[in-house]
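I opened a new notebook page for this structure.

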Amino acid sequence: MMLALVSGQVAWGQVHSELAIPPNGDNERAEISQWIGLVKVTIDYHSPNVHGAGGADRTGHIWGELVSYGFTDQAFGPSHVAPWRVGANETTTITISHDVKVEGRDLKAGTYGVFLDVEKTGPWTWIFSKAAKGWGSYQYDAKDDVLRVAVNAVDAPYTEFMTFGFDERKPASAVAYLQWEKKRAAFKIEVPNVNQLYVDQMREDLLNWPGFNYQNWQTAAQFCADNKISLEEALVWADKAIHEPFRGATVGVEDFSTVSTKASVLGAMGRTAEADATMDKALDLPGAGMLYVHSYGVRLLRASRADRALKIFLVNQQRHPEEKFWTYYGLARAYTALGDKANAIKNWEIAIANVPENRRFMMGQFEAALKKVREGS
């Protein structure tokens, strides 16, 4: 229903006036945006408050009174069966930069009018309409609906101004919510192909100035390896980082970092023997520092490849005999994984005796690991 009753002429003037004038009913315009990966979601609305322009306390009179339940004839405009406009004044809109899923259902990129079927009992229904321009829901027509999703409204802390927001923000999803007075209704937005969107953007970026830096090709390849996506293309990118990203313009760099990225891609492709051979090569290249080699050994342990991890940790210890913590820590973990109790205890004891200051907060964890090995059969 209309949150502040005005004549059609005044309403028209506010939308199309050449002068800057206050919003109808002092319901200020608001906008909120949230990124989900590379997807931008923006909700544009006018925000009424519980106490209203005149200051009257409408607590307990919002839902079912100021905002009617169900679809109603508002006795204004052509629509005889209209949902709530979700705010005041011009139609509330949502703009989505890429295709997404809303409550598990597809919604194409674009700008949509947002309406809400508010019910006294049972679920409320969010309505996304291709009619994104207009004054509230007075011209609402169901034929313009592109998506309806039912959600459960819940009780919420008191909120004076009708507010949209986003929470439960994750790399591939977020929950958009409306909160007003003592109610909250939300809908989940998901980007199932969020990593593919990153790859598509990287591909485009690499055709431009970023492509003149070999490290950008490496970063793109490593992203694909980490997420097991576009791996054939990632292998090309990894080679470019090593050799020649832009022929005649810039050179690649063959070092531990770039070659280990290529090994990561090969490993993600299931080409384990080639990945191992490539990493063996990387270990003899510049940049193969003690901590980098240790990290590689840890990755092998996480992949349940303790035999190869042990070989890597032994190489690291031989190359850095002066180091008394990290190399022995790696060996302790590898021998523990392999069930070699005697060697595990010996290396845990040396590592624990030489824990650096910046790792002393982990002392309890190290001692517990040693105790577990000692008590094991």
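**Salt bridges and a helix pair**

Entry 1. I began with Arg203, which is partly exposed at a relative accessible area of 30%. The model is predicted, and I keep that in mind throughout. Next I looked for the partner of Arg203. Arg203 forms a salt bridge with Glu233, and their closest N and O atoms are 2.8 Å apart. Arg203 sits in helix α2 (residues 194-206) and Glu233 in helix α4, so this pair ties together parts 30 residues apart in sequence. I checked Glu233 as well: it is partly exposed, with a relative accessible area of 25%.

Entry 2. Helix α4 made me curious about its packing. How do the axes of α4 and α5 cross? I found that the axes of α4 (residues 231-242) and α5 (residues 256-268) come within 9 Å and cross at roughly 165 degrees. Angles over 145 degrees count as roughly antiparallel, so α4 is roughly antiparallel to α5. The crossing of α4 past α5 is left-handed. I then listed who makes the contact. From α4 the residues include Leu231, Ala234, Leu235 and Ile242. From α5 they include Val259, Lys262, Val265 and Leu266. I sorted the contact residues of α4 with α5 by type: 10 are nonpolar, 1 is polar and 2 are charged.

Entry 3. Back to charges. How many salt bridges does the count come to? I noted 17. I picked out Lys183, which forms one with Asp155; the closest N and O atoms are 2.9 Å apart. Lys183 lies in strand β10 (residues 173-190) and Asp155 in strand β9 (residues 154-170), so the pair ties together parts 28 residues apart in sequence. Is Asp155 buried or exposed? Asp155 counts as exposed, at 64% relative accessibility. Lys183 is partly exposed, with a relative accessible area of 25%.

Entry 4. I moved on to Arg319. The side chains of Arg319 and Asp284 meet in a salt bridge, 2.9 Å from N to O. Arg319 belongs to helix α8 (residues 306-319), while Asp284 is in the loop between α6 (272-282) and α7 (290-302), so the pair ties together parts 35 residues apart in sequence. Arg319 counts as partly exposed, at 37% relative accessibility. Asp284 counts as exposed, at 61%.

Entry 5. Which residues are linked in it by salt bridges? I wrote down Asp276, Asp280, Arg305 and Arg308.

Notes: Residues are numbered from 1 along each chain as its sequence is written. This is a predicted model: local features need pLDDT of at least 70, side-chain atom pairs count only at pLDDT 80 or more; totals for chains, interfaces and linings use all residues. Side-chain values use heavy atoms; hydrogens and water are left out. Axes are lines fitted to C-alpha atoms, for helices over the stretch in contact, and angles run from 0 to 180 degrees between N-to-C directions. Helices (H or I, at least four residues) and strands (E, at least two) are DSSP runs, numbered from the N terminus. Angles under 35 degrees count as roughly parallel, over 145 as roughly antiparallel, 65 to 115 as roughly perpendicular and the rest as oblique. A crossing is left-handed if the near helix is turned anticlockwise from the far one by less than a right angle, and right-handed if clockwise. Contact means heavy atoms within 4.5 Å. Ala, Val, Leu, Ile, Met, Phe, Trp, Tyr, Cys and Pro count as nonpolar, Asp, Glu, Lys and Arg as charged, and the others, Gly among them, as polar. A salt bridge is a side-chain nitrogen of Lys or Arg within 4 Å of a carboxyl oxygen of Asp or Glu. Buried means under 20% relative accessible area, exposed over 50%, partly exposed in between (1.4 Å probe, protein chains only).
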